[in-house]
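Reader: I am new to this structure and would be grateful for a guided account of its pockets, a helix and its aromatic rings. May we proceed by question and answer?

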Amino acid sequence: MTDALKRLSEEGVAIWLDDLSRKRITSGNLAELIDDSHVVGVTTNPSIFQKAISGGDGYEQQVADLAARKVTVEEAIRMITTADVRDAADVLRPVFDDTDGQDGRVSIEVDPRLAHNTRATIAEAKQLAWLVDRPNTLIKIPATEAGLPAITEVIGLGISVNVTLIFSLERYRKVMDAYLAGLEKAKAAGQDLSKIRSVASFFVSRVDTEIDKRLDKIGTDEAKALRGKAALANARLAYQAYEEVFSSERWLALEKAGANKQRPLWASTGVKDPAYPDTLYVTELVAPNTVNTMPEATLLATADHGEITGNTIQGTYEQAQADLDALAAVGISYDDVVQLLEEEGVEKFEASWNDLLKSTEAELKRLAPSEA
């Protein structure tokens, strides 16, 4: 069943699971996925935690203890989520050791309400790294304008970072620049660069969802023929940018000092349109030194019927650019789409965080000891 996943790993794609819950850890399911399905990392986000904690399985005792201590709802969420990330990091620790720190990573995101506040994002990243206290953690920082200097500062402190919510090629180049600047700060401060890791989470399916909607509205045959091409074109051109930056003189000087490349991570790889193959954003984005973080349904689909045919990014750059040019020719504004997707991405995570606050507050009240 896992031949496709094994082949994917052999092609240089690290398979990470885009999900986490306490039940997944305590039931042994996460360990099984590592052993049987070549999973070598985990990503989380506010939506994932909201779903896990509101489901309630395995959280009641901790919530009751937090309620007895009368902690704030925000502190309760920090304690609950960092406990899950810490435990998942311990399950993945053998992978971390076997891969010399490249994989075996678990990501936890800064409070999304801080996405436009550089100083608060830096403070939150430091606090999360301290709270989880595991070397195989990645702190997720959004690639907003305010997030870019935060990435540099946090990397400069020697904290490994997963940069999230990247949609545009221009912003991705700024993310890579922020990472290199952070490494240069870390080097100047005497940090061991070999211990610092980073991935850049480039979102995929949401690009097709938004652009396909606009193409359907245009409605011409020419427009309809471009459906399902934008996301892959965008991601493939991102990989071209990655190849350029990480072969530059600036990079080579850092590599000489022990630095690691910031790997592109394909995020949002669950297919939203049933007209497309459910493994589309896995099988068509195969290239060395990448990460694909998959929802469980996509992981299982890939294991069951994914066809891994080798590198599917190399040699595609000219066609990818032609596809984006064709979208512009029918009236789709790339800049408008990627700006909207970033704004919506932050808003969705904020909404999930607010839902998490409400559901956790309700649980704290429900489980609070009665005043005798």
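**Pockets, a helix and ring pairs**

Reader: Which residues lie nearest the centre of the largest pocket?

Author: The model considered here is predicted. In it, 30 residues line the largest pocket. Those that lie nearest its centre are D18, N45, R206, S268 and K272.

Reader: How many charged residues does the lining of the largest pocket have?

Author: The elements that each supply at least two residues of this lining include α4 (46-55), β5 (161-166) and α17 (334-367). By class, the lining has seven nonpolar and 11 polar residues, and the charged residues number 12.

Reader: What is the volume of the largest pocket?

Author: Strands β6 (198-203) and β7 (263-267), as well as helix α10 (205-218), are among the elements that each supply at least two lining residues. The volume of this pocket is about 550 Å³.

Reader: Which residues are closest to the centre of the second largest pocket?

Author: The second largest pocket has a volume of about 330 Å³. Its lining comprises 16 residues, and the closest to its centre are F96, R105, P135, S160 and K195.

Reader: Which elements each supply at least two residues of the lining of the second largest pocket?

Author: This lining has five nonpolar, five polar and six charged residues. At least two residues of the lining come from each of α6 (73-98) and β4 (137-142).

Reader: Why do the buried residues of α1 line one face of the helix?

Author: In α1 (residues 3-10), the buried residues are A4, L5 and L8. Viewed down the helix axis, the buried residues of α1 line one face because they fall within an arc of 100°. On the other side of α1, the exposed residues are D3 and E10. The cover over the buried residues includes β1 (13-17), α14 (280-283), β8 (290-294) and α15 (296-305).

Reader: How many residues apart in sequence are the parts that the pair of Y172 and F202 ties together?

Author: The aromatic pair of Y172 and F202 is edge-to-face, at 5.7 Å centre to centre and with 70° between the planes. Y172 is buried, with a relative accessible area of 1%, and F202 is buried with a relative accessible area of 1%. Y172 lies in helix α9 (residues 169-188) and F202 in strand β6, so the pair ties together parts whose separation in sequence is 30 residues.

Reader: Which residues do ring pairs link into a cluster?

Author: Y242 and F246 form a tilted aromatic pair, 5.4 Å centre to centre with 45° between the planes. Both Y242 and F246 are buried. Ring pairs link these two into a cluster whose members are Y179, Y239, Y242, F246 and W251.

Conventions
Residues are numbered from 1 along each chain as its sequence is written. This is a predicted model: local features need pLDDT of at least 70, side-chain atom pairs count only at pLDDT 80 or more; totals for chains, interfaces and linings use all residues. Side-chain values use heavy atoms; hydrogens and water are left out. On a 1 Å grid over the protein atoms alone, a cavity is a set of points where a 1.4 Å probe fits but cannot get out, and a pocket is an open set with protein on both sides within 12 Å along at least five of seven lines; lining residues have an atom within 4 Å of a point. Grid points are joined across faces, edges and corners, and a volume is the space filled by probe spheres set on the points. Helices (H or I, at least four residues) and strands (E, at least two) are DSSP runs, numbered from the N terminus. Ala, Val, Leu, Ile, Met, Phe, Trp, Tyr, Cys and Pro count as nonpolar, Asp, Glu, Lys and Arg as charged, and the others, Gly among them, as polar. Buried means under 20% relative accessible area, exposed over 50%, partly exposed in between (1.4 Å probe, protein chains only). The arc is that of the directions from the helix axis to the C-beta atoms. Contact means heavy atoms within 4.5 Å. Rings of Phe, Tyr and Trp (its six-membered ring) pair if their centres lie within 6.5 Å; planes under 30 degrees apart count as stacked, over 60 as edge-to-face and the rest as tilted.
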